[in-house]
Amino acid sequence: MAHSAAVPPGALEQGCPIRVEHDRRRRQFTVRLNGCHDRAVLLYEYVGKRIVDLQHTEVPDAYRGRGIAKHLAKAALDFVVEEDLKAHLTCWYIQKYVKENPLPQYLERLQP
């Protein structure tokens, strides 16, 4: 069940920097929000030996517009670079992020 209480502006920023955690076993990147009650998530799957599909990014409505998805996208793409993988971008948000941040180290790892 999604938590729908209104979140005061700045609740995330007050002494709580955005920290992305990577759970390799569950193949996801997460940002804990509001303690650990809510979280934003980016899901991926291996679709080949060295190819990951960045599938889905989700940020709870109350936290949208704060740049949280940007942190998730950057962490996922940095993981692709660091692990020398190729990436297929199913997630529309990550496609948008790469267009807005066309870094060569990201672009050279994209699968058509």
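Of the 112 residues in the chain, 33% come out as buried, where buried stands for under 20% relative accessible area, exposed for over 50% and partly exposed for anything in between (1.4 Å probe, protein chains only). The model is a predicted one, so local features need pLDDT of at least 70 and side-chain atom pairs count only at pLDDT 80 or more, while totals for chains, interfaces and linings use all residues. Residues are numbered from 1 along each chain as its sequence is written, and side-chain values use heavy atoms, with hydrogens and water left out.

The chain has three helices and five strands, taken as DSSP runs numbered from the N terminus (helices are H or I with at least four residues, strands are E with at least two). Read from the N terminus, the order is β-β-β-β-α-β-α-α. Of the contacts with a separation of 6 or more, 47% are between residues 24 or more positions apart; a contact here is heavy atoms within 4.5 Å.

On to the inside. The largest nonpolar core holds 27 residues, and Leu54 and Ile94 touch the most other members. Such a core is a set of buried Ala, Val, Leu, Ile, Met, Phe, Trp, Tyr and Cys residues joined through side-chain atoms within 4.5 Å. Helix 1 brings the largest share of this core, eight residues. In general, nonpolar side chains tend to be buried together in soluble globular proteins.

Next come the rings. The structure holds six aromatic pairs, counted when rings of Phe, Tyr and Trp (its six-membered ring) have centres within 6.5 Å; planes under 30 degrees apart are stacked, over 60 edge-to-face and the rest tilted. Phenylalanine 29 and phenylalanine 79 make an edge-to-face pair, 5.8 Å centre to centre with 65° between the planes. Because phenylalanine 29 sits in strand 2 and phenylalanine 79 in helix 1, the pair ties together parts that are 50 residues apart in sequence. Both phenylalanine 29 and phenylalanine 79 are buried. Tryptophan 92 and tyrosine 93 form another edge-to-face pair, at 5.8 Å centre to centre and 80° between the planes. Tryptophan 92 counts as exposed, given its 60% relative accessibility, whereas tyrosine 93, at 13%, counts as buried. Ring pairs also link Phe29, Tyr44, Tyr46 and Phe79 into a cluster.

Tryptophan 92 and tyrosine 93 turn up again in a pocket. The second largest pocket has a volume of about 260 Å³. It is lined by 14 residues, and Val59, Arg64, Ala69, Trp92 and Tyr93 are the closest to its centre. For the method, a 1 Å grid is laid over the protein atoms alone: a cavity is a set of points where a 1.4 Å probe fits but cannot get out, a pocket is an open set with protein on both sides within 12 Å along at least five of seven lines, and lining residues have an atom within 4 Å of a point. Grid points are joined across faces, edges and corners, and the volume is the space filled by probe spheres set on the points. Strand 4 (51-58), helix 1 (68-82) and helix 2 (92-100) each give at least two residues to the lining. By class, the lining has six nonpolar, four polar and four charged residues, with Ala, Val, Leu, Ile, Met, Phe, Trp, Tyr, Cys and Pro as nonpolar, Asp, Glu, Lys and Arg as charged, and the others, Gly among them, as polar.

Alanine 69 belongs to helix 1 and is buried, with a relative accessible area of 14%. Beyond four places in sequence, alanine 69 is in contact with Thr57, Val59 and Tyr93. Alanine 69 and alanine 40 are 29 residues apart in sequence, yet 7.6 Å apart in space, C-alpha to C-alpha.

Glutamine 28 lies in strand 2 and counts as buried at 7% relative accessibility. Arginine 27 is in the loop between strand 1 (20-23) and strand 2, and has a positive phi of about 50° although it is not a glycine. Arginine 27 is partly exposed, with a relative accessible area of 28%. Aspartate 84, in the loop between helix 1 and strand 5, likewise has a positive phi, near 55°. Most residues other than glycine have a negative phi.
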